Protein chains: 8
Amino acid sequence: MKYEEMNFAKLDTDREARTGFPEVIFCEGKPDEYLLQIYKKLYEKDGRVFGTRASVEQYEMIKAELPGAEYDKVSRILKVVSVNDVEAGSTEETDTGAAPYIAVCTGGTADIPVAEEAAQTAEYFGARVERIYDVGVSGLHRIISKKEVLQGACCTIAIAGMEGALASVIGGLVSNPVIAVPTSVGYGASFGGMSALLTMINSCANGITVVNIDNGYGAGYVATQIYRLAKN
Amino acid sequence: MKYEEMNFAKLDTDREARTGFPEVIFCEGKPDEYLLQIYKKLYEKDGRVFGTRASVEQYEMIKAELPGAEYDKVSRILKVVSVNDVEAGSTEETDTGAAPYIAVCTGGTADIPVAEEAAQTAEYFGARVERIYDVGVSGLHRIISKKEVLQGACCTIAIAGMEGALASVIGGLVSNPVIAVPTSVGYGASFGGMSALLTMINSCANGITVVNIDNGYGAGYVATQIYRLAKN
Amino acid sequence: MKYEEMNFAKLDTDREARTGFPEVIFCEGKPDEYLLQIYKKLYEKDGRVFGTRASVEQYEMIKAELPGAEYDKVSRILKVVSVNDVEAGSTEETDTGAAPYIAVCTGGTADIPVAEEAAQTAEYFGARVERIYDVGVSGLHRIISKKEVLQGACCTIAIAGMEGALASVIGGLVSNPVIAVPTSVGYGASFGGMSALLTMINSCANGITVVNIDNGYGAGYVATQIYRLAKN
Amino acid sequence: MKYEEMNFAKLDTDREARTGFPEVIFCEGKPDEYLLQIYKKLYEKDGRVFGTRASVEQYEMIKAELPGAEYDKVSRILKVVSVNDVEAGSTEETDTGAAPYIAVCTGGTADIPVAEEAAQTAEYFGARVERIYDVGVSGLHRIISKKEVLQGACCTIAIAGMEGALASVIGGLVSNPVIAVPTSVGYGASFGGMSALLTMINSCANGITVVNIDNGYGAGYVATQIYRLAKN
Amino acid sequence: MKYEEMNFAKLDTDREARTGFPEVIFCEGKPDEYLLQIYKKLYEKDGRVFGTRASVEQYEMIKAELPGAEYDKVSRILKVVSVNDVEAGSTEETDTGAAPYIAVCTGGTADIPVAEEAAQTAEYFGARVERIYDVGVSGLHRIISKKEVLQGACCTIAIAGMEGALASVIGGLVSNPVIAVPTSVGYGASFGGMSALLTMINSCANGITVVNIDNGYGAGYVATQIYRLAKN
Amino acid sequence: MKYEEMNFAKLDTDREARTGFPEVIFCEGKPDEYLLQIYKKLYEKDGRVFGTRASVEQYEMIKAELPGAEYDKVSRILKVVSVNDVEAGSTEETDTGAAPYIAVCTGGTADIPVAEEAAQTAEYFGARVERIYDVGVSGLHRIISKKEVLQGACCTIAIAGMEGALASVIGGLVSNPVIAVPTSVGYGASFGGMSALLTMINSCANGITVVNIDNGYGAGYVATQIYRLAKN
Amino acid sequence: MKYEEMNFAKLDTDREARTGFPEVIFCEGKPDEYLLQIYKKLYEKDGRVFGTRASVEQYEMIKAELPGAEYDKVSRILKVVSVNDVEAGSTEETDTGAAPYIAVCTGGTADIPVAEEAAQTAEYFGARVERIYDVGVSGLHRIISKKEVLQGACCTIAIAGMEGALASVIGGLVSNPVIAVPTSVGYGASFGGMSALLTMINSCANGITVVNIDNGYGAGYVATQIYRLAKN
Amino acid sequence: MKYEEMNFAKLDTDREARTGFPEVIFCEGKPDEYLLQIYKKLYEKDGRVFGTRASVEQYEMIKAELPGAEYDKVSRILKVVSVNDVEAGSTEETDTGAAPYIAVCTGGTADIPVAEEAAQTAEYFGARVERIYDVGVSGLHRIISKKEVLQGACCTIAIAGMEGALASVIGGLVSNPVIAVPTSVGYGASFGGMSALLTMINSCANGITVVNIDNGYGAGYVATQIYRLAKN
């Protein structure tokens with residue numbers, strides 16, 4: 001196994017061979033100079049780069065050097081795609097066949113940024129995604145109206161802040177795994193998402209596992225792992 | 001305003017006049033001698049006594065001196081009723097009219113002791129109660145099958161441990177207040193009920209207020225206050 | 001049951017029929033574009049909109065499109081009222097009859113923003129409110145001088161930060177329910193209101209239930225539910 | 001959808017049709033009388049019962065009425081199997097084909113009870129399991145010697161107490177999902193497993209999701225969901 | 001400055017000269033052999049010993065060797081007094097003059113053990129004490145009826161569990177210092193007294209300082225320091 | 001007892017008669033308009049005003065209307081003194097006699113703002129103060145060199161952040177009360193002062209009581225109460 | 001690198017070669033059968049075994065099979081030594097030369113069990129130890145009287161519960177590393193040693209590092225690592 | 001022992017004689033005027049000054065008065081070196097001999113600022129350092145490729161945020177002490193580094209001790225203490 005020594009970083013160039021997934025960059029907090037070098041190194045090696053939690057300023061800095069850079073304000077994903085990819089359209093890299101698919105659900109509108117991070121991550125890794133937003137448990141008829149889409153998915157990502165009850169309700173409706181993502185949406189005793197995390201970890205429903213608060217990327221990654229097992 | 005000085009306690013004999021509710025005894029942890037004196041003093045004054053969180057040993061000690069003592073193992077309520085009450089039957093003190101009523105719901109079977117503390121407290125104070133047990137959110141068809149009973153209640157007591165999502169789901173179905181009671185049922189990161197408490201405090205549904213972990217008595221008290229307002 | 005699909009949101013248009021309360025918007029953190037669309041959709045449907053936790057910037061954005069928008073800096077409520085409402089005066093939508101009424105109390109001056117959110121929410125839903133501000137327990141004569149107003153209320157909203165003892169003292173004085181609202185007022189070990197929340201949850205007084213930190217809206221909602229039961 | 005009303009419980013008899021998994025009983029804390037009725041009702045309906053977190057006393061009580069009861073002291077699983085199952089041998093209900101399989105790993109010897117709950121749950125639901133015990137990160141050569149078994153699994157259950165670093169190390173070695181189970185093994189600042197839970201939730205490795213402390217059953221359930229997707 | 005070396009302990013024999021207070025033994029958790037040696041050494045040196053948090057078993061062990069041992073079950077104080085003290089009566093060591101005095105108050109009956117530890121500690125150190133028990137804030141007329149006794153004290157010890165609001169109310173009534181003692185009385189979210197501790201630390205009243213949960217001894221010590229300053 | 005009703009506040013004009021201390025204003029977070037009215041009302045009534053936690057902006061606003069306003073940047077105290085006071089010099093209001101006095105100590109330089117709030121509060125209330133700064137326990141010779149000043153004080157205010165060990169060390173050296181003030185100085189696991197608060201609450205030394213994090217005012221208030229008892 | 005596979009455990013037989021330290025057994029919570037097999041296997045391999053946190057019952061079980069077993073009630077260490085070791089006397093395995101040595105200090109008598117676990121662990125690994133017990137900071141003259149012994153040590157283990165200030169004071173007196181061990185000694189807000197741990201982690205003194213609560217073994221291990229570096 | 005009194009600070013001029021280490025300044029939060037005086041006083045006394053956690057603004061202020069000031073943006077260290085030092089080159093003050101050396105490792109790129117604070121502190125105190133960055137456990141081959149450098153070090157500083165597993169893995173590979181530094185790198189349930197701190201404190205590996213979150217300075221200090229013992 002090997003890696004690329006960059007002094008301030010050791011790029012895990014063995015990762016794709018070992019795990020089937022390319023390196024993804026967590027942009028938040030990385031100094032500009034380091035981030036730029038990493039983007040350039042990966043672009044040179046793979047012809048494309050995918051980063052999460054990027055700011056507009058980071059996008060502009062990368063864009064100046066790598067013109068293929070694209071930024072989505074909602075999900076804060078900063079991609080660099082090759083010219084060929086752009087011409088072919090971004091849908092090509094995503095599986096659009098009839099089955100299987102990942103359902104990405106949110107309790108409210110404010111959870112959508114985390115949901116888009118999850119959904120676009122899974123799509124980048126080649127999975128098909130169905131989005132079901134704003135189906136929180138305080139109006140049950142909304143989630144029930146989507147029951148069939150949920151039950152058809154190979155796995156569901158349930159994203160909610162505040163009290164985070166969405167995961168338990170979905171867990172009771174489906175037969176496939178539910179990946180629960182607590183979000184920092186809320187105030188007061190929500191403690192930046194800790195309350196929702198505890199709700200999901202203590203769920204009375206079966207089939208629920210949990211990732212870190214606001215970790216849409218992590219949920220999209222695991223969902224893709226499951227999608228690949230379901231597909232093959 | 002006045003009280004009865006007992007050295008180790010000041011019985012709030014003014015309470016019923018001031019609040020409309022008689023004194024109730026929290027038995028847990030009270031030394032035997034003190035507890036007995038309090039039961040005797042209240043029985044002498046009112047002809048009946050109602051205590052919560054009592055042990056079998058406390059029941060036997062009280063029973064030896066006050067033969068009208070009755071103990072319910074599930075709710076741990078230790079009552080003393082007068083001879084007249086016993087002859088007339090305990091149902092007489094409870095309102096059995098068509099309306100209004102309090103709905104008492106639990107997420108699981110293990111929450112029933114807290115539910116019975118709540119239900120019997122409300123009944124002792126003269127309210128009518130409907131019990132709906134084991135309707136946790138992981139099998140939504142159970143709670144949905146009870147929707148009409150819930151919607152007819154003047155208020156609902158929602159009792160749940162683990163992740164405590166029951167309150168939010170009920171809150172979305174009804175138009176009257178929901179009193180949420182977190183329970184200490186659970187393990188691991190349930191932290192003795194703190195996780196359920198946080199869930200309920202952060203509920204995305206409207207109309208939900210919360211009492212302390214396992215505080216069935218407190219929920220029954222408030223529900224009776226609301227019942228009385230609804231009745232008059 | 002039904003809802004209005006807006007892609008980023010599913011407006012619960014069934015809510016008023018199901019619960020007797022119109023949809024209310026939690027403005028904080030909603031992207032401008034989403035917030036504007038929701039305000040416009042609700043205004044179109046109902047002729048009025050009521051939002052909480054709005055900023056001055058959000059008010060100006062909404063005002064530019066919906067001239068009936070009104071903003072209260074203290075409570076941070078952003079309403080849109082129809083032309084007819086404005087002409088008739090805002091008092092018309094509030095019940096001003098002799099009885100019943102909701103008492104809204106604060107421990108200190110700094111709790112007033114939460115109190116106004118609670119009071120104006122209840123008034124928007126048609127309830128009558130009496131305000132009693134700055135009656136914290138460190139100067140008992142202040143709250144005692146208001147005892148009769150408190151005892152006449154169908155329910156009391158007790159709002160306090162720091163140590164939050166106000167709810168227990170009021171609970172001992174009245175016979176109707178007390179809805180306790182911890183606030184984030186304080187410093188050091190107040191932990192953003194968690195200390196006051198724990199005080200209120202552990203209250204030795206009866207008849208007290210608790211909502212989330214700074215949740216004036218939630219308290220006003222439940223108080224209105226109780227007010228309606230008391231009124232009918 | 002339907003359920004069986006037992007007063008103290010509503011058996012979710014619709015569950016197997018809805019989710020593909022039979023009802024499993026969480027025995028801990030259930031009163032003897034309730035537990036016995038539930039075991040009898042399920043045995044009558046399905047011809048077999050599976051319960052977790054059972055005590056020796058509960059086993060003896062069930063055994064007296066249902067002679068097919070079997071108890072495993074390590075995992076605390078209390079099964080009732082039909083006569084036919086016993087004759088055929090317990091291996092028959094488990095998939096022994098070449099692939100796929102679930103890897104169940106522990107950091108230490110003290111984590112084995114949770115691991116056996118997970119492994120036997122998965123086996124009960126028909127999955128094939130490989131056990132890899134005592135491969136904690138303080139002696140890396142142990143886990144590295146098992147790398148190939150790990151990489152061949154459709155998913156891995158990583159079980160560890162104390163600092164819970166096992167999940168991150170495994171996550172870096174495999175391409176399929178890792179279900180992390182924190183255990184309450186440890187002392188001092190391990191806080192009954194909370195430290196390990198936080199480690200796993202914050203893992204720098206990809207592909208890791210987390211269940212509640214000591215929740216071997218939950219991990220075995222999700223692993224089986226993934227196993228079924230991988231198998232089909 | 002000097003101390004007595006006992007291998008397992010270094011008795012601070014300089015303490016009385018340095019601080020004006022004799023050494024007091026915290027008995028809980030001390031091995032029998034060590035405790036006995038310490039009691040004997042101090043008795044030999046001073047002719048009397050005072051220990052807190054003692055068990056009945058410890059009392060019996062000490063009594064067998066030091067016949068002057070006396071034990072109070074409520075406060076769990078284990079004293080050894082000299083023959084002369086016994087003959088003279090225990091009141092002699094306590095100041096019974098008209099002024100000043102320490103007021104020791106509790107919120108409820110269950111707080112009395114902590115109150116007696118505080119009161120008897122102060123009396124052992126020579127101060128005069130007035131006891132005011134069961135004056136919790138949910139029945140304000142009780143504490144108000146004792147206002148004059150409180151206002152006459154040179155300092156007040158306010159002892160309460162659950163929400164611990166007693167200290168704030170007393171702080172508003174008096175001009176001298178209030179030493180607040182949170183107790184572990186309570187359940188659920190009282191967290192073994194942490195909730196009461198936070199209430200008292202965040203008190204909106206002036207003149208309040210706080211000691212550890214259930215630390216009656218510490219409160220009695222400080223109160224005596226203040227008493228001595230007030231007396232001289 | 002009486003108060004001055006100001007709508008948004010009820011000035012406790014009875015306070016000085018009841019407690020011997022004038023009203024003090026906590027400025028932080030008070031809206032400008034409210035703050036100004038309170039300052040003006042108190043100045044009108046008493047001829048002087050004392051406020052804590054004031055900002056430079058608040059000072060400038062008050063100064064514009066009340067020219068006698070004075071602001072100390074370190075302690076953030078905002079006083080208004082009458083013309084007579086200014087002429088007479090601020091030392092006149094402070095007791096400069098030989099005895100008694102309050103010792104105000106800090107562990108480090110960064111704790112000085114809290115210390116000055118404490119010291120100037122005590123001086124405003126008429127007490128004499130000795131300042132001993134930067135005597136943290138990591139260089140014991142510094143505190144030991146001040147032992148005599150400490151032992152001569154009627155009480156000591158011990159102010160420290162980080163691990164807060166200063167209070168225990170002082171507690172072992174003196175015979176009079178120690179008021180411990182944890183500060184928010186520190187980083188990482190100091191949790192905004194909570195670590196220091198816990199250190200002080202758990203102190204193994206006698207005679208220590210604790211106030212809220214950074215609560216210099218509260219410590220100065222209690223110290224003055226003790227000073228007055230010692231003086232009379 | 002290699003290990004011994006025992007099914008329930010993988011003995012790290014490579015450890016001594018890799019780290020210079022033999023395997024040590026953490027006995028607490030290990031099932032009897034597993035513990036016995038591990039002791040026998042290690043005794044067979046190395047001729048001696050060293051285990052920590054053992055109970056009397058475990059000692060008796062091991063003793064029955066391995067007659068060389070020795071148990072120390074205070075430290076709870078369960079050793080098996082070979083016949084030759086016993087004849088030669090236990091002092092032989094410990095370095096008794098003039099220098100260097102490890103100082104093991106405690107704040108109080110109740111911390112001695114943790115101190116003995118640390119001291120005997122270091123001695124088992126061949127280091128020389130000096131014990132200094134009951135030198136808590138509330139009587140500074142005790143620790144100061146031992147200053148020279150402390151300053152001569154190559155490293156110091158500072159063991160304290162309650163507020164744990166001992167480490168900071170020692171850190172200020174010596175030039176070599178201080179290993180701080182918080183203990184679970186205390187009550188109330190000591191939170192089982194968490195308060196002392198936070199004190200030590202936030203120490204204002206230099207040269208202090210911290211191990212887990214009550215982890216005498218871990219401290220003895222690191223101290224020996226440093227001792228070996230100092231000796232060579 | 002002596003110190004230099006500066007009113008707002010007592011410079012511990014005795015420190016170097018007592019501990020072998022010169023005074024180091026923690027710059028963060030120190031008012032400009034105080035900081036400048038301290039830098040000038042130390043420069044005058046020692047001819048060089050070393051400060052941590054400095055801002056660019058503080059650097060510019062110091063530079064204006066002490067032209068020898070140097071600032072490193074990554075580590076935030078603000079040094080003043082004498083003219084002679086500058087001419088001789090900064091490497092001269094660092095030991096560059098063959099052995100021993102300190103290994104400084106990080107889990108990721110974002111931990112480098114803390115690592116540089118540690119490394120440059122140790123170098124300032126005269127130790128030799130080897131840097132090994134970005135060797136987190138999710139790609140084990142990176143750390144394993146550096147095994148020999150780690151095993152050659154006299155001690156290792158292991159710096160990691162998020163789940164902090166790096167320390168345990170290194171602890172299993174080396175025979176010398178590991179000083180673990182949790183960092184605040186992470187989000188969600190990392191709680192500003194508390195999660196990594198708990199991981200490290202609970203490590204299953206031997207030889208690990210922990211310092212405060214982000215405390216690179218403290219780790220560099222202790223590592224130098226060990227380096228000196230190893231060197232002599």
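Predicted model: local features only at pLDDT ≥ 70, side-chain atom pairs only at ≥ 80, totals over all residues.
**How the copies are arranged**

- Two copies of a chain are related by a rotation about an axis and a shift along it.

**Where chain D meets chain A**

- Chain D brings 34 residues to this contact and chain A brings 34 residues, where contact means heavy atoms within 4.5 Å.
- Of the interface residues of chain D, 100% are also interface residues in chain A, so the copies meet through the same surface.
- The size of an interface is often given as the accessible area lost when the parts come together. Here, buried area is the accessible area (1.4 Å probe) that two parts lose on being put together, summed over both.
- About 2700 Å² is buried between chain D and chain A, with carbon and sulfur atoms giving 58%. Ile201(D), Asn206(D) and Leu229(D) supply 22% of the area that chain D buries against chain A, more than any other three residues.
- Between chain D and chain A there are 0 salt bridges but 12 residue pairs in polar contact, both residues being at pLDDT 80 or more. A polar contact is a pair of N or O atoms within 3.5 Å; within protein, one must be able to donate a hydrogen and the other to accept it, and residues adjacent in sequence count only if both atoms are side-chain atoms.
- On the side of chain D that touches chain A, at least two residues each come from helix H1 (15-19), helix H7 (147-152), helix H9 (194-201), strand E11 (208-210) and helix H10 (216-231) of chain D. H10(D) gives the largest share of that side, 7 residues.
- Helices (H or I, at least four residues) and strands (E, at least two) are DSSP runs, numbered from the N terminus.

**Where chain H meets chain A**

- Here 16 residues of chain H are in contact with 20 residues of chain A.
- Together, chain H and chain A bury about 1500 Å², 58% of it on carbon and sulfur atoms. Thr109(H), His141(H) and Tyr187(H) provide 44% of the area that chain H buries against chain A, more than any other three residues.
- This pair of chains, H and A, has 0 salt bridges between them and 10 residue pairs in polar contact (both at pLDDT 80 or more).

**Salt bridges**

- A salt bridge is a side-chain nitrogen of Lys or Arg within 4 Å of a carboxyl oxygen of Asp or Glu. Over all chains, the count is 104 salt bridges.
- In chain A, a network of salt bridges links Asp12(A), Arg15(A), Arg18(A) and Glu23(A).
- In chain B, Asp12(B) and Arg18(B) form a salt bridge at 3.1 Å, N to O, and both residues are buried. Buried means under 20% relative accessible area, exposed over 50%, and partly exposed in between (1.4 Å probe, protein chains only).
- In chain C, the closest N and O atoms of the salt bridge between Arg15(C) and Glu23(C) are 3.6 Å apart. Arg15(C) is buried because its relative accessibility is 11%, and Glu23(C) is buried at 18%.
- In chain D, Glu123(D) and Arg131(D) meet in a salt bridge of 3.0 Å, N to O. Glu123(D) is buried at 18% relative accessible area, whereas Arg131(D) is partly exposed at 34%.

Key
Residues numbered from 1 in each chain as written. Chains lettered and ligands numbered in written order. Heavy atoms only, no water.
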